[in-house]
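Open the structure in your viewer and keep the selection panel at hand. The stops below tell you what to select and what you will find there.

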Number of protein chains: 2
Amino acid sequence: MQDRVAPSALKPALRDFSADHRLLSINTATVRRQGDLATIIEACARAQIRAISPWRDQVAHIGLPRAVEAVKATGLALSGYCRGGMFPADPARLPEVRDDNRRAVDEAEALGASCLVLVVGGLPQYARPGSAPSKDIGAARAMVEDGIGTLLEYARSAHMPLAIEPLHPMYAADRACVNTMGQALDICDRLDPERSGMLGVALDVFHVWWDPDLSAQIVRAGRDRLLAYHVCDWLVPMADMLNDRGMMGDGVIDLKAIRAQVEAQGYQGFAEVEIFSEHWWAKPMEEVLGTCISRHRSVV
Amino acid sequence: MQDRVAPSALKPALRDFSADHRLLSINTATVRRQGDLATIIEACARAQIRAISPWRDQVAHIGLPRAVEAVKATGLALSGYCRGGMFPADPARLPEVRDDNRRAVDEAEALGASCLVLVVGGLPQYARPGSAPSKDIGAARAMVEDGIGTLLEYARSAHMPLAIEPLHPMYAADRACVNTMGQALDICDRLDPERSGMLGVALDVFHVWWDPDLSAQIVRAGRDRLLAYHVCDWLVPMADMLNDRGMMGDGVIDLKAIRAQVEAQGYQGFAEVEIFSEHWWAKPMEEVLGTCISRHRSVV
């Protein structure tokens with residue numbers, strides 16, 4: 001049997017991206033300044049891109065029926081739908097939070113997304129503006145877990161997996177108080193101990209590349225909890241904490257090393273490019289998509 | 001015996017800062033634009049501030065002998081000396097790294113500092129510019145641990161405790177690849193398993209406030225490894241990743257909650273104000289120091 005041990009069993013798996021871009025997905029925020037969702041979908045189809053991950057505001061802008069129609073017409077897959085979440089809020093606003101997130105599940109289902117990505121929110125005054133200010137991040141985290149638990153029941157009935165996206169700790173106050181893979185997986189363990197496949201994580205290298213515990217947590221997640229894989233790069237220096245993410249290869253993240261670990265768990269999904277960048281938003285859509293394709297083949 | 005249980009045994013300890021500012025220390029970077037170290041020391045003495053933590057470049061600017069003399073003349077304590085570190089480097093440059101850090105220990109000793117704060121460095125091209133570029137943060141972390149281990153022998157002979165300062169993950173690439181209390185304490189456990197008091201951590205709330213594991217790691221550190229406690233605040237929004245730290249009370253950090261946990265471990269040292277801020281650097285030194293004093297008494 002010795003001679004049947006494949007090389008892939010001796011080192012982390014890594015799918016070959018060099019020949020084509022079948023496994024590339026474009027998060028549509030990457031080119032949100034260059035056109036509306038219909039225009040982005042057409043441009044992606046022209047570039048033979050096979051998957052996208054759209055944002056709710058982009059869908060709302062052209063209307064859900066038209067978005068569904070455009071996705072169907074082009075045959076694009078959806079590697080995710082962005083985004084549900086923003087759970088921490090004043091008690092009086094929890095019904096609003098619940099309904100808003102249920103609509104996100106419904107939209108994801110209508111669009112045929114593979115999962116709904118959750119950006120969970122930070123302190124309540126930022127997650128749901130108008131909520132009473134708080135400095136209690138522990139309380140915000142408890143509200144997040146309650147919110148996900150509540151949404152999960154609804155998501156199960158819609159067969160729509162929820163992907164918790166841990167955000168970089170620099171966004172802990174205002175965007176997401178789930179800041180590490182370990183923290184996200186703790187929530188998964190508590191809310192979905194049976195590992196049903198309906199709750200997992202979206203791993204974005206920008207948010208987690210620094211974590212000394214990353215490798216161990218990727219193994220812990222395993223294939224059934226790795227629901228999405230997002231790439232961009234971390235620039236040094238970074239001009240802006242929100243809108244200066246780098247194109248893959250332009251920063252310091254060891255992209256292939258992380259992807260190898262994710263794929264060693266059996267991840268077979270897309271590598272989704274999500275870049276918030278004033279630099280790239282200022283360029284023509286075709287140039288940005290072309291660069292995503294070439295970097296996908298060379299450095300992702 | 002029941003009636004001998006003090007209230008402090010039933011809740012986290014918290015020293016009363018409201019009556020005076022005996023436990024305030026000023027990290028001299030907080031007012032580095034407003035004057036040289038001699039001027040800062042005079043201003044602190046006038047404001048009846050009892051401790052400072054100076055930076056090497058500020059000491060070098062006026063010369064070590066003059067700095068030592070000014071500290072002695074005013075009777076100021078040093079809650080730390082900033083900073084040693086920046087360990088990752090090309091192999092050929094390791095003697096330079098070693099010698100540079102030994103000089104930092106010598107200076108800290110001459111000044112009578114309570115500890116040398118270590119900002120450990122990120123990837124080698126940023127820690128020691130000119131070193132070969134690398135994306136291998138794991139290798140950088142190994143170099144950091146080697147560097148601290150080497151320096152620790154020298155520091156022991158000089159009786160100068162080394163305080164590893166975990167820096168916020170947003171500085172992992174370019175400033176410090178030790179980014180959590182847990183990671184710093186892992187290094188302490190490996191290099192100083194006997195808990196000699198010669199190796200510990202500097203806890204700066206700006207860097208660690210977001211960490212879901214913070215409370216557990218403060219307990220793990222214990223009194224003998226909590227060598228310094230730094231305060232400022234986390235502003236939302238933050239205009240600049242490096243130089244927009246907030247004055248205590250102006251941001252989202254629950255300062256008293258963190259200090260209570262630190263003091264529950266028996267920490268008896270200063271609360272050191274370290275604020276890198278274009279906003280505060282533009283104000284007169286007396287105004288900044290006065291604000292530090294009032295906020296120390298009210299919100300720290």
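What area do chain A and chain B bury between them, and how much of it is on carbon and sulfur atoms? Colour the two chains separately to look for the answer, and bear in mind that this is a predicted model. The buried area is about 2,200 Å², with 71% of it on carbon and sulfur atoms.

**Stop 1: the interface**

Select the residues where the chains touch. Chain A gives 28 residues to the contact, and chain B gives 28 residues. Now pick out Lys135(A), Trp210(A) and Met241(A). Together they supply 26% of the area that chain A buries against chain B, more than any other three residues. On the side of chain A that touches chain B, 16 residues are nonpolar, six are polar and six are charged.

How many salt bridges does the rule find across the interface of chain A and chain B? The count there is zero. For polar contact, the rule finds four residue pairs across the interface, both residues of each pair being at pLDDT 80 or more.

**Stop 2: chain A as a whole**

Along the principal axes, the C-alpha atoms of chain A fill a box of roughly 60 × 50 × 40 Å. A compact globule with 300 residues would have a radius of gyration near 19 Å, and chain A agrees with this because its value is 19 Å.

**Stop 3: a salt bridge in chain A**

Over all chains, the count comes to 46 salt bridges. To see one of them, select Arg56(A) and Asp100(A), whose closest N and O atoms are 2.9 Å apart. This pair links distant parts of the chain: Arg56(A) is in helix H2 (residues 56-62) of chain A and Asp100(A) is in helix H4 (residues 94-111) of chain A, 44 residues apart.

**Stop 4: backbone details in chain A**

Show the backbone atoms. Go to Cys82(A) and Arg83(A), where the peptide bond from one to the other is cis, with omega near 5 degrees. Arg83(A) belongs to strand S4 (residues 81-85) of chain A.

Next select Val236(A) and Pro237(A), which are joined by a cis peptide bond with omega near -5 degrees. Pro237(A) sits in the loop between strand S8 (226-231) and helix H10 (255-264) of chain A.

Then move to Gln48(A), in the loop between helix H1 (37-46) and strand S2 (51-53) of chain A. Its phi is near 55 degrees, a positive value in a residue other than glycine.

**Stop 5: two helices in chain B**

Bring chain B back and select helix H4 (residues 64-74) of chain B and helix H5 (residues 94-111) of chain B. Their axes come within 9 Å and cross at roughly 30 degrees. H4(B) makes the contact through Leu64(B), Ala67(B), Val68(B) and Val71(B), and H5(B) through Glu107(B), Ala110(B) and Leu111(B). Of the residues in this contact of H4(B) with H5(B), six are nonpolar, none is polar and one is charged.

Definitions and conventions. Residues numbered from 1 in each chain as written. Chains lettered and ligands numbered in written order. Predicted model: local features only at pLDDT ≥ 70, side-chain atom pairs only at ≥ 80, totals over all residues. Heavy atoms only, no water. Axes fitted to C-alpha atoms, helices over the stretch in contact; angles between N-to-C directions. Helix = DSSP H or I, 4+ residues; strand = E, 2+ residues; numbered from the N terminus. Contact = heavy atoms within 4.5 Å. Nonpolar A, V, L, I, M, F, W, Y, C, P; charged D, E, K, R; others polar. Buried area = accessible area lost by both parts, 1.4 Å probe. Salt bridge = Lys/Arg side-chain N within 4 Å of Asp/Glu carboxyl O. Polar contact = N/O pair within 3.5 Å; in protein donor to acceptor, adjacent residues only side chain to side chain. Rg over C-alpha atoms; globule rule 2.2 N^0.38 Å.
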